[in-house]
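Thanks, everyone. I would like to take a few minutes to walk you through one structure, beginning with a sheet and ending with an interface.

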2 protein chains.
Amino acid sequence: MSDKNEKKTDCAHEPIEEVSAKMPAEELLYDMADLFKIFGDCTRIKIICALFESELCVNHIAELLSMTQSAISHQLRVLKSARLVKVRREGKTVYYSLADDHIKTIFDQGLEHICE
Amino acid sequence: MSDKNEKKTDCAHEPIEEVSAKMPAEELLYDMADLFKIFGDCTRIKIICALFESELCVNHIAELLSMTQSAISHQLRVLKSARLVKVRREGKTVYYSLADDHIKTIFDQGLEHICE
DNA sequence: TAAACATATGAACAACTGTTCATATGTTTA
DNA sequence: TAAACATATGAACAGTTGTTCATATGTTTA
């Protein structure tokens with residue numbers, strides 16, 4: 001018999017064509033990776049974690065994490081461009097807070113996975 | 001008055017000492033970042049996503065993602081060392097599958113956040 | 001045992017990332 | 001308006017990361 005869809009290796013699992021058909025769109029998976037990439041840095045995780053408690057201004061986040069104002073500002077920009085934080089200006093100071101509740105859920109899920 | 005705990009900037013938010021007290025341990029946050037770092041790569045996300053459907057062998061994952069066997073093997077090692085996948089050998093072929101259900105939950109939360 | 005097959009791995013390299021430093025922008029106060 | 005304060009930003013640099021290439025390890029079959 002000449003099966004054109006024959007696999008190189010003979011594995012006992014579901015045909016890869018079927019798996020392939022069930023995969024989300026390539027672009028969506030890219031966006032997923034990009035989202036998790038944001039959470040994949042300790043400084044940003046700390047910032048997010050701090051913002052769970054309270055809206056904060058840049059200087060205080062820097063003070064809290066014992067880091068440079070510049071470093072924090074750069075990271076806040078990353079978080080902002082990913083729509084994870086929102087900004088509110090009041091005179092000289094700029095207040096940052098979390099954009100929505102999904103962030104907390106994702107954080108908590110990660111936490112649960114770690115603590116097992 | 002000489003308030004030793006005075007803040008450099010006078011913001012209207014919760015004192016940073018209180019925020020600081022509520023933060024999880026430094027090490028835990030590092031582990032969190034490390035976990036999300038794994039999800040923060042498109043190749044690994046795709047592998048994880050494929051394994052949602054079925055246990056798979058290395059060659060087929062490579063075929064599915066149109067990538068080198070070597071590249072996939074390297075990434076599987078990363079996933080394995082983070083205990084996200086488990087291994088089962090059967091003769092020549094090695095089958096990979098997801099280690100637990102938390103992975104699916106984290107993935108789905110990310111998906112939800114994206115689709116909004 | 002030799003050949004074929006399936007996977008793993010080390011070295012190398014390019015691309016990406018996070019911090020620092022210097023400085024710019026924007027706001028308030030004296 | 002000048003000075004002080006709060007934040008943002010560009011360039012540079014070191015450290016990290018993902019892929020490739022060549023090759024090694026491990027398993028089965030002829």
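This is a predicted model: local features need pLDDT of at least 70, side-chain atom pairs count only at pLDDT 80 or more; totals for chains, interfaces and linings use all residues.

Residues are numbered from 1 along each chain as its sequence is written, chains are lettered from A and ligands numbered from 1 in the order written, and side-chain values use heavy atoms, without hydrogens and water.

In chain A, three strands make an open antiparallel sheet in the order β1-β3-β2, where strands are DSSP runs of E of at least two residues and helices are runs of H or I of at least four, numbered from the N terminus, and two strands pair if DSSP finds at least two bridges between them. β1 (56–57) and β2 (85–90) of chain A stand at the edges with a single partner strand each, so one side of each has no neighbour in the sheet. Between β2(A) and β3 (residues 93–98) of chain A there are six bridges, and A:Val87 has A:Tyr96 in β3(A) as its bridge partner.

Turning to the interface, 56 residues from chain B and 56 residues from chain A take part in the contact, which means heavy atoms within 4.5 Å. Between the two chains there are four salt bridges, each a side-chain nitrogen of Lys or Arg within 4 Å of a carboxyl oxygen of Asp or Glu. A:Glu53 forms a salt bridge with B:Lys22, with the closest N and O atoms 3.9 Å apart.
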